[in-house]
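Please work through the exercises below with the sequence and the three-dimensional structure at hand. Each task is followed by a solution in steps.

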Amino acid sequence: MKILVIGAGPAGLIFASQMKQAQPAWDISVAEKNTQEEVLGWGVVLPGRPPRHPANPLSYLEQPELLNPQFLEEFKLVHHDQPNLMSTGVTLCGVGRQVLVQALRAKCVAAGITVSYETPLASVAQLEAEYDLVVVSNGINHKSLELPPALAAQVEFGKNKYIWYGTTQLFDQMNLVFRENSNGVFAGHAYKYSDTMSTFIVECSEETYAKAELEFRSERDAAAYIAKTFAPELGEHRLVSQPGQGWRNFMTLSREVASDGKFVLIGDALQSGHFSIGHGTTMAVVVAQLLVKTLSAEAGTAAALASFNARALPLVQLFKEHADASRLWFETVSERVGLGNAELTASFDARRNHLPPLQDALMASLGYALGR
Ligand SMILES: Cc1cc2nc3c(=O)[nH]c(=O)nc-3n(C[C@H](O)[C@H](O)[C@H](O)COP(=O)(O)OP(=O)(O)OC[C@H]3O[C@@H](n4cnc5c(N)ncnc54)[C@H](O)[C@@H]3O)c2cc1C
């Protein structure tokens, strides 16, 4: 079996390394569009302490401690300048995207998988001619690759503007901070992901973004304005954005089916979801593991992909519902800004309660996928 994985992010890399482990004789290669050094984003939060949690990609590394993960047990919501501290319920693991992706790539290479960078675009016909299976894990970059028409992407943009900053201020808890000024409400999501850096994601309504003239400010001036807004949290620490990764509307990418012919989608390429539920990478791991399992368990690729479609689609649909509910809560937060801290915390906690629990669905899928 000759497999090409397109996109060297968590989804493609977990799939490639786990598939190789399950089927050592298969010829698996990974093609990445960017250079080896280019990895987007600062830190992400993952479930559990490796190696104990199979949805945490660090659990698949020999020495996860080398990535300097930070374990977070508390959640702090700040509103009207008052902190509300509570348990996160489960241990969360903050880690840098850069070190995570590089470690997963090194694992693939050590397993005999070729990972190539700055790969030129290939057509559907070329890919079909050369490979038995093409695993598409190119994230939300749906314009970067030609795919069969059945796999056309559906794209929705959220109403809020957001930006992903890094900072040297260290946040020991998962922080959700609301700060209001004459231009409107800003929400900051912050936690440490190494012993020197934290993620600091900021979002606000388009109206607030326009009133604060963020569109017309330089990256540096906008960062200084936001740092001033969150001065009680940041002190003298600066906010830093990645080149070209400025303010944007969150993009939710969905597909109606997960596979067509020799092509199959995993990770954000199949379904992306708002960062405020912090599950994108977890989903990437679980869906990659589902594909490994179906390819190992079923007789023939067509049967495997049919089984993968049947199992992955309900899971990613539930993920989308949770992510959309959370995104909508943040998009309408100005309606709740008059609430006290306890009421706002209760509303935040309840924002996904009308949905079947995502955690149960993830664990059921993992249970099936890892029973191989
Ligand atoms: C602000 C923000 C915060 C987030 N926080 C969290 C969090 O706390 N926890 C969490 O679990 N998730 C979080 N996520 C989501 C998480 O980053 C994604 O869900 C996850 O990275 C998906 O992995 P992936 O491998 O599918 O895609 P990606 O990580 O996007 O990887 C895709 C790869 O494909 C490459 N590529 C693109 N096009 C091509 C092409 N044509 N050919 C070859 N290669 C290509 C890209 O360069 C990239 O390397 C966050 C996302 C955002 C935007």
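The model is predicted: local features need pLDDT of at least 70, side-chain atom pairs count only at pLDDT 80 or more, and totals for chains, interfaces and linings use all residues. Residues are numbered from 1 along each chain as its sequence is written.

**Exercise 1.** Determine the strand order of the open sheet of six strands and identify its edge strands.

*Solution.* Elements are DSSP runs numbered from the N terminus, namely helices (H or I, at least four residues) and strands (E, at least two). Two strands pair if DSSP finds at least two bridges between them. On this basis the order is 6-2-1-7-15-14, and the pairing is mixed. Strand 6 (114–116) and strand 14 (259–260) are the edges, each pairing on one side only. Within the sheet, strand 1 (residues 2–6) runs parallel to strand 7 (residues 133–136), with four bridges between them. In this pair, isoleucine 3 stands opposite leucine 133.

**Exercise 2.** Locate the cis peptide bond between two prolines, and state whether histidine 80 and glutamate 118 are exposed, partly exposed or buried.

*Solution.* As background, most residues other than glycine have a negative phi, and most peptide bonds are trans. The bond from proline 50 to proline 51 is cis, with omega near 5 degrees; proline 51 lies in the loop between strand 3 (43–47) and strand 4 (70–79).

Next, histidine 80 has a positive phi of about 50 degrees and is placed in the loop between strand 4 and strand 5 (82–96). Glutamate 118 also has a positive phi, near 50 degrees, in the loop between strand 6 and helix 3 (124–130).

For exposure, other C-beta atoms within 10 Å are counted, with positions placed from the backbone: 20 or more means buried, 12 or fewer exposed, and in between partly exposed. Histidine 80 has 13 such neighbours and is therefore partly exposed; glutamate 118 has 11 and is therefore exposed.

**Exercise 3.** Describe how helix 1 and helix 7 pack.

*Solution.* Helix 1 (residues 10–22) and helix 7 (residues 280–297) pack at an angle of about 30 degrees, with their axes 8 Å apart. Axes are lines fitted to C-alpha atoms over the stretch in contact, and angles run from 0 to 180 degrees between N-to-C directions. Because angles under 35 degrees count as roughly parallel, the two helices are roughly parallel to each other.

Notes. Parallel < 35°, antiparallel > 145°, perpendicular 65-115°, else oblique.
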